[in-house]
Amino acid sequence: MCGAGRDFGVDLDGINDGMKIDNANPAGADFTIEMWLKHTTGRTVVDTIVSCGSNGLALGFTADGKFFFTFGTGTAAETLTTPTPSTDGAWHHWAVTFDHAAKTQVVYRDGREEARRTARSVPATATFLIVGCADIAPFTFFPGALAELRTWSTVRTEAEIGALMRNRVDGTETDLAGAWTYDHDSLNTTPGDGSGQDLYTDSSPAQHTGGLWGKPGTCVSPATRYQVSAAVGDRVRVSSEDFRYGQWDHVAAVLEQSWALRFNGAAWAQTPDADQLDIVGDLTIEVFAQLDPVATRQGLISKGQLADGAGGTVPYQLSVLAGGKLEFAFEEPGPVVKRFTSSTAIGTGPCRIAVVRRAGSTTQEVKGKRKYPITNAQGTTTEQEFDVVERVDVEQWQDITFVVDGADYGTTRYTGPGPRGNDGPLEIGRAQDGTSRYHLTGVIGEVRIWAKAREKDQLGTAVERRDDGLAARWTFEENTGNITADTAGGFDLKLRGARWTADPDPTASSLTLYRNGHPIPATTPTTNSLTTWGSEQLTLGALDNAGTFGEFYTGTLEEVRLWRTARTDEQVLDNLFTRLKGDKQDLLAYWPRWPRPRRENHQHGQNHLARRPSPSRPHDAFSGQLHSTTPQHHPGVDTQGPGEHIERGALRAAVAVCWGDWARAVDQRRAVPRRPPAAAEDCAGDRWAVVRRHPGPPTATGSAGGHGHADEPAAGRGQLRGRTRSVSRPVRRWSVKAASASQSVATNCCSSPTST
C-alpha cells in the first residue's frame, strides 16, 4: 500500500497570497470548519487563517502560537483559545465546530479535542470567507501551508473528524458544504475573462470556487489516498487510481508467469517436415530470446539444413553470428546459399528479433522506333517513324529486413530465383550448415512464423490464433513434458534436451492488480520502490531486511491467502465473500481466522504464525465495519507499534490476497459496540508478521504468553511481533484497510523471486 500524496495544498508567502470564496461562510447555523496547517516557526504576530469581517469569524494563531476560534467584534467577541501553543512547524489538522442551539465552541487538533466553551451569542450570518489573511486591519497575511479546507453544515464529532481527516473527500459526503484544493498545476484553471486569476477549486456539490490573490505555490497535502502496488522479481505494477483510507477493500495481485525454453548449447526442439512451413515467398520470423554471451555462431531457427547435398533448398534459416550480428540465409536452386547480415549486433538482454522477407517487383519499358506507312488526304502514302514500347521488363526482388525491439537493423535487396523448399524438419535452437551444427545457448520465450511480410509496427504485438498469415506460433507455456504445442498451425515441437524456465522478458508475464474482485488499471513506474526483498522469509505487515524490520503496515489484515497458481477473474470473485472450506487445489497457505493462541493456516504446509514477544506483538482490535444485515465477527490482529509482526519461513506463491481494516476504528473502539472477537489483522504501522523457514518438522517456538497464528498444513512455526489485537470484520466483504503512506502488507523473499 503506497500513499498517493498530491500537490493540492497551498503554500502561502505571507506577503500577498490569499483567497476569497463567495457564498461559503457557514455561520448562521451549525457548522464545522477544518483544515491542515503548517505554521511557520518563530512567529510573534497574530496569524489569521480564515476570516470574515462581516461577522468577525476568524481562525488562526495568537502571537504566542496558540490556536484561536472567534466570532463577533469588540466586547461582543466570542473567543476560544487552545491552552498550549503549537510551534513545532509540522503539519497539524485543526477543526472547529459550533453548535448553534447549545452555543458550544470546540477546537480539535489532530482529531482530538483541545478546548471548548459555551458562547453568550451566535455568529451573524455572512456570505464570504477570506483565507490566508485577516479581513480586518492590519490585514496580516499568513506565511505557511494550508491544505484540505472544508466546511460542513453540521457539528462533526471527534470520531467523524478523526476518521476522515487523513482522507481526501470525494465530494459526495453528507452535509459537506465546501472542500477546497489548489490544483493549479494539474488543472491550470484560469477564468475566461482574461484576468489571469487562478482558482481555488471547490469539489463539493455547492461548487463555491474561489479566486486567489498573488501566486501561491503548491505543496503536498497531508490528506492522502493510497495506491495498490505489487512486485515479483523485476515486475512491478502500481494502480493508476488512488483509493480512500478507512474503508474495507479486497485487494489481490495475480502473477501469470510466462514460461520459456532454455537451450544449453547442445539442445534443440524439432517438428517434422510440413508443406505449410516451406514458405518461399513473403515471410516474417519473430523470435523472443535472450542469448548468453558466447563467442560462437548460434542457431535460432532453420527449416532444413544448408548445403547438405540432399536436394531441395532451405527456405529460411536465422542465426546469430559470433559478433552478435544476425544472419538470415536461404538457398536458391543449385543449390546456392544466399546470406544476409544485419547492420548492428544484438545485446545479451531479452530482445525481440524479427526478420522480414518482402517480395516486390519493378517494371522497365524498353522503347524503340518503328516506321509505318501513312496515307494523306490526297492519297499520297509515305513512311513515318514513331516511338514505340517494344517490351516491358519485370524485375522481381526480395527485401530482407532485420528489426530488433522495434529498431531497424538493416535492409538488403535480393534479386534472384529465390528458394523452392525442402523435406527437412524445422528446428529451433539449432542451425545446420554443411557438416557444422550451431546450437543456441540461451532462452527463447516465443517463436512466430508468418507467411506474409509484417509491417514494422506490427512486430512483437499481441496476436490471435486466426490472424491472417500466421503459420506457426510456439509460446512454450506448458512448463512440463517434452512436447510444446503450436497454437496456430498444429506443428508441435518435440524437445531434444531443451528445459523449461521462466521467461526472461519482463513484459511477457502479466501482473494484474485487483480491487474488490475486479482488475484495476495499473502502470509500471519508472522507479521500483519494492526492489528490496529482504531476507528469505514471508512477512505480514512489514519488511524484514537482514533482521531489521521496516515499512510497517498501518491498518487491519483479514483473510490472507497465498496460491501457487494464477487465479482467474471468476475465481477471484467466486471466493470474495466466503471463507474457503475444505482442501483447495493450489492453495499454498491460508490464514482465515485470528484466534488468540496463534494464527492458523488452514491449508497444506502448517505455516503457522506465532505472536512475537512484547512490545512487538500485534494485538486484538474491533473494526466495527458491517456489510451484512447478519454480520459475524471473528478474531483478528492489530499492529500498532514499531517491531510488531508475525513471521514464518520462506514461501512461494502466485497470488497473495489480503483483507483488512484501518486502525482508526480501533483507536475509537470505545464508540463501537462490543461484539465477539473479530477475524482480521489490524496493523497500526509497527506490528507485523514474518514467516521464517525451519528445516525440521513442526515445533512450537511461540512467543511469550503462547500467542501465535497457525498455518495448519507447512513445516515450522513462526512468531508474532508486537501486540496484535482481534478486530471485527464484515462477513460479506473482506479487505485491506490502509492508514498510512508507504507500507508493506505482505512481502515474500525467495531464492528465486521470478519463480513466484
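Me: What makes Cys 52 buried or exposed?
Reply: Cys 52 has a relative accessible area of 1%. Buried means under 20% relative accessible area, exposed over 50% and partly exposed in between, with a 1.4 Å probe and protein chains only. Cys 52 is therefore buried. Cys 219, at 13% relative accessibility, also counts as buried.

Me: On what kind of model do these values rest?
Reply: This is a predicted model, in which local features need pLDDT of at least 70 and side-chain atom pairs count only at pLDDT 80 or more, while totals for chains, interfaces and linings use all residues. Residues are numbered from 1 along each chain as its sequence is written, and side-chain values use heavy atoms, with hydrogens and water left out.

Me: How many disulfides are there by the rule applied?
Reply: A disulfide is a pair of cysteine sulfur atoms within 2.5 Å. By that rule, the count is zero.

Me: How many aromatic pairs does a search of the whole structure find?
Reply: The search finds 13 aromatic pairs. Rings of Phe, Tyr and Trp (its six-membered ring) pair if their centres lie within 6.5 Å; planes under 30 degrees apart count as stacked, over 60 as edge-to-face and the rest as tilted. Strands (E, at least two residues) are DSSP runs, numbered from the N terminus. Phe 67 is buried at 0% relative accessible area, and Trp 94 is buried at 2%.

Me: Why is the pair of Phe 330 and Phe 340 called stacked?
Reply: The ring centres of Phe 330 and Phe 340 are 5.7 Å apart and their planes stand at 25°, so the pair is stacked. Phe 330 lies in strand β27 and Phe 340 in strand β28, 10 residues apart. Both Phe 330 and Phe 340 are buried.

Me: Why is strand β47 described as largely enclosed?
Reply: Five of the five residues of strand β47 (residues 587-591) are buried, so the strand is largely enclosed by the rest of the structure.

Me: How do you know that β46 and β47 pair?
Reply: Two strands pair if DSSP finds at least two bridges between them. Strand β46 (residues 554-563) and β47 have four bridges, in the antiparallel sense. Arg 561 stands opposite Tyr 590 in β47.
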